[in-house]
Amino acid sequence: MAKQLSQDVVLQWVSLASGNFNTRQMWAELNIVTLEGKAYLRVCLGRLVDAGVIAKTSLDGTFRKLDNEKEVMDWESADTSNYLPIKLPFGLHEHCLVYPKSIIVVAGGKDGGKTAFLLETLKLNYPNFVIDFFNSETGREQFKNRVTPLNLPSPAPFYTFQRYDNFADVIDPTHFSIIDYLDFNSEVYLVGEEIDRIFRKKTTGVAVIGLQKPPPTKTLVKGKIVLIERDLAYGGAFSIKRAILYVSLSGNRLKVISAKTPKNPKVRLANMQWSYSFDDNGFFTDIKRYYGDTNDTI
């Protein structure tokens with residue numbers, strides 16, 4: 001086996017590999033069955049590590065190809081006035097800038113207004129952008145019933161897709177993408193990973209992503225049971241990393257959790273809140289700035 005195996009054969013196999021790979025895979029695919037062959041494979045892989053072709057991972061016998069490509073960012077010629085004319089519910093666009101390749105996250109509790117926010121975002125922006133609406137929450141009939149009160153033109157001035165996962169695989173880098181919603185069931189640690197994949201895929205387009213918040217927790221305050229709503233969606237801090245704007249809805253209040261690009265750098269947008277009600281069709285009405293106790297959690 002050692003005579004049949006060569007450095008060139010190992011290099012060729014590695015060049016075709018994707019993601020992480022391990023020696024057991026190579027044993028099987030290269031038909032390496034002898035101790036001599038396995039020892040020689042380790043020598044070949046060691047040479048590739050020394051040459052900077054591959055790197056060891058934290059798992060014994062597992063490697064990854066080194067990505068030596070570097071994309072030059074010409075930031076000096078960037079136009080900082082090149083923000084997008086995006087409009088958002090609650091007039092949030094009057095407070096923050098949205099540049100190309102931006103991620104906006106809308107976290108909402110059950111029946112808290114997440115879908116209403118996403119659909120109203122659709123209505124506000126379809127005249128100026130190519131919008132792809134990814135629906136994972138309803139069937140055709142329920143979706144039509146939900147959208148009809150918006151009185152949009154016919155045929156619909158946007159694209160609608162039924163999609164449940166791996167959104168980054170199909171998202172157009174240049175379009176305005178709205179996702180209702182990103183759901184990983186019990187694997188909430190994957191939320192941040194998928195948002196990161198979407199961010200990397202975008203070029204001139206943006207994505208507005210709906211996320212589900214955990215149910216409120218019960219706690220005892222001065223002898224009374226109080227429901228405490230959480231600010232962040234499932235995925236916690238991982239869900240906020242890429243967002244230039246992160247808003248949280250529940251309890252008939254919207255709260256800005258994070259805003260990285262305020263229009264006025266001297267104005268801190270975090271913790272700004274608005275109260276709202278719902279009309280008969282489940283869309284926002286009676287919107288007002290909320291100036292309650294700043295220690296409140298929605």
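This report describes sheets, helices, pockets and a cavity in one predicted model.

The structure is a predicted model, in which local features need pLDDT of at least 70 and side-chain atom pairs count only at pLDDT 80 or more, while totals for chains, interfaces and linings use all residues. Residues are numbered from 1 along each chain as its sequence is written, and side-chain values use heavy atoms, with hydrogens and water left out.

Helices (H or I, at least four residues) and strands (E, at least two) are DSSP runs, numbered from the N terminus, and two strands are said to pair if DSSP finds at least two bridges between them. Strand β3 (residues 62–65) runs antiparallel to β2 and is joined to it by three bridges, and here Lys56 stands opposite Phe63 in β3.

A residue is called buried under 20% relative accessible area, exposed over 50% and partly exposed in between, as found with a 1.4 Å probe on protein chains only. Why is β8 largely enclosed by the rest of the structure? Seven of the seven residues of β8 are buried, so the strand is largely enclosed. In a regular strand the side chains alternate between the two faces of the sheet. In β8, Val206, Val208, Gly210 and Gln212 point one way and Ala207, Ile209 and Leu211 the other way, and all are buried.

Helix α6 (residues 191–201) has as its buried residues Val191, Gly192, Glu194, Ile195, Asp196, Ile198 and Phe199. Their cover includes β4 (103–108), β7 (176–182) and β8 (206–212), where contact means heavy atoms within 4.5 Å.

**Strands β12, β13 and β14**

Strand β12 (residues 253–259) pairs with strand β13 (residues 273–278) in the antiparallel sense over three bridges, and the bridge partner of Arg253 in β13 is Ser275. Five bridges link β13 with strand β14 (residues 284–290), also in the antiparallel sense, and Gln273 stands opposite Tyr290 in β14. The hairpin of β13 and β14 has five residues between the strands, and Gly282 there takes a positive phi near 85°.

Ser258 lies in β12 and counts as buried because its relative accessibility is 19%. Apart from neighbours within four places in sequence, Ser258 is in contact with Ile240, Ile244, Leu245 and Tyr246.

**Pockets and cavity**

On a 1 Å grid over the protein atoms alone, a cavity is a set of points where a 1.4 Å probe fits but cannot get out, whereas a pocket is an open set with protein on both sides within 12 Å along at least five of seven lines, and lining residues have an atom within 4 Å of a point. Grid points are joined across faces, edges and corners, and a volume is the space filled by probe spheres set on the points. For the linings, Ala, Val, Leu, Ile, Met, Phe, Trp, Tyr, Cys and Pro count as nonpolar, Asp, Glu, Lys and Arg as charged, and the others, Gly among them, as polar.

| Space | Volume | Lining by class |
|---|---|---|
| Largest pocket | about 700 Å³ | eight nonpolar, five polar, seven charged residues |
| Second largest pocket | about 380 Å³ | eight nonpolar, seven polar, two charged residues |
| Largest cavity | about 40 Å³ | seven nonpolar, one polar, no charged residues |

The largest pocket is lined by 20 residues, and those nearest its centre are Met73, Ala78, Pro100, Lys101 and Thr203. The second largest pocket has 17 lining residues, with Phe143, Lys144, Val147, Ala156 and Phe158 closest to its centre. To this second lining α5 (140–147) and β6 (159–162) each supply at least two residues, and α5 gives the most, with four residues.

The count of cavities of 30 Å³ or more comes to one. The largest cavity is lined by Leu92, His95, Cys96, Leu245, Val256, Leu269, Met272 and Trp274.
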